[in-house]
Amino acid sequence: MKICRTKADIRDTVRLWRLNGERVGVVPTMGFLHEGHLGLVRLARQKGDRVVTTIFVNPTQFGPNEDLATYPRDEARDLALLEAEGVDAVFIPSVEEMYGAGGDTYVEVPGLSDVLQGALRPGHFRGVTTVVTKLFNITTPDFAVFGEKDYQQITVIRRMVRDLDMPLEIVGHPTVREADGLAMSSRNVRLTPEHRAQAVALSRSLASAEALAKSAPSIKDLDAVIREELGKAPAAEVNSVDIRDAETLEDLSGELDRAAVILLAVRFGTVLLIDQRVIVPES
Ligand code: AMP
């Protein structure tokens, strides 16, 4: 497995593969890898000839009061995990390598980036779309794999790729979960044991909503069932429960009459957990 710390090094590496006609997939991450990330890597392995994983904790997508300084990191462990998955190259740049030459230009997807998590975290998606564009330009992949766990993120990225005719395919991977249903996240290690036990409320509430979706519920009923289930976790501070059109992220009301995505953001202490599920009404 090649470890590239400079843009020039990863560019040269990928260029040779592409000259040989090999299909290259990239899996962008912020490191502290878990089975969720590794699921994305395995999908990239299946779909392509070469897999590049990027590890970069991107400062521009963190707000001033967010957890940039305490974001968990373990480079040695990450590299060992990626090596075991047969990853061909890891791009692991410093902040200086990524932004040292300047950072005046942004890629923005207004609208989709300003709602939901984007409204709670101003500038977050602009940081994501800008760094993802840079990573695409640096690694020049045929396709990139993103997790559906970060549903708004993959929706914003798909729109950006479509609108700017970026020459690659975006591949989604379903959310990978712990045995009890908690969506895997690098932030889960920061939950106290008590909060970790209660965090199952997120996936339980989504399962209840999915069950209810079979009986032509109203959006209000769905919201109520989700909040009732979340309420069973005494430490849960519900930031948001959103039920939106699965494609446009537009708000829904009345009866559930199309594919909808439920997006949860729930805080336990200082840890913000998110989860998501697409539900489809029974026709
Ligand atoms: P992160 O390191 O949190 O930026 O995540 C890197 C990529 O892994 C993103 O595309 C995430 O959506 C994806 N990812 C993180 N956790 C999971 C999970 N539990 N299941 C599926 N994909 C995930």
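User: How far apart are the mean positions of the positive and negative charges of the protein chain?
Analyst: This is a predicted model, in which local features need pLDDT of at least 70, side-chain atom pairs count only at pLDDT 80 or more, and totals for chains, interfaces and linings use all residues. Lys and Arg are taken as positive and Asp and Glu as negative, with His and the chain ends not counted; each charge is placed at NZ of Lys, CZ of Arg, CG of Asp or CD of Glu. For 33 positive and 42 negative charges, the mean positions are separated by 2 Å.

User: What radius of gyration does the protein chain have?
Analyst: The radius is taken over C-alpha atoms, and the globule rule is 2.2 Å times the number of residues to the power 0.38. For 283 residues a compact globule would be near 19 Å, and the protein chain agrees because its own value is 19 Å.

User: What percentage of the residues of the protein chain count as buried?
Analyst: Buried means under 20% relative accessible area (1.4 Å probe, protein chains only). Of the 283 residues, the share is 53%.

User: How far apart do the C-alpha centres of domain 1 and domain 2 lie?
Analyst: The bounds come from an automatic or database domain assignment. Residues are numbered from 1 along each chain as its sequence is written, and domain 1 covers 2-173 while domain 2 covers 186-276. The distance between their C-alpha centres is 26 Å.

User: How many residues of domain 2 are in contact with domain 1?
Analyst: Contact means heavy atoms within 4.5 Å. Domain 1 contributes 22 residues, and domain 2 contributes 17.

Notes:
Heavy atoms only, no water. Buried < 20%, exposed > 50% of the residue type's maximum accessible area, 1.4 Å probe, protein only.
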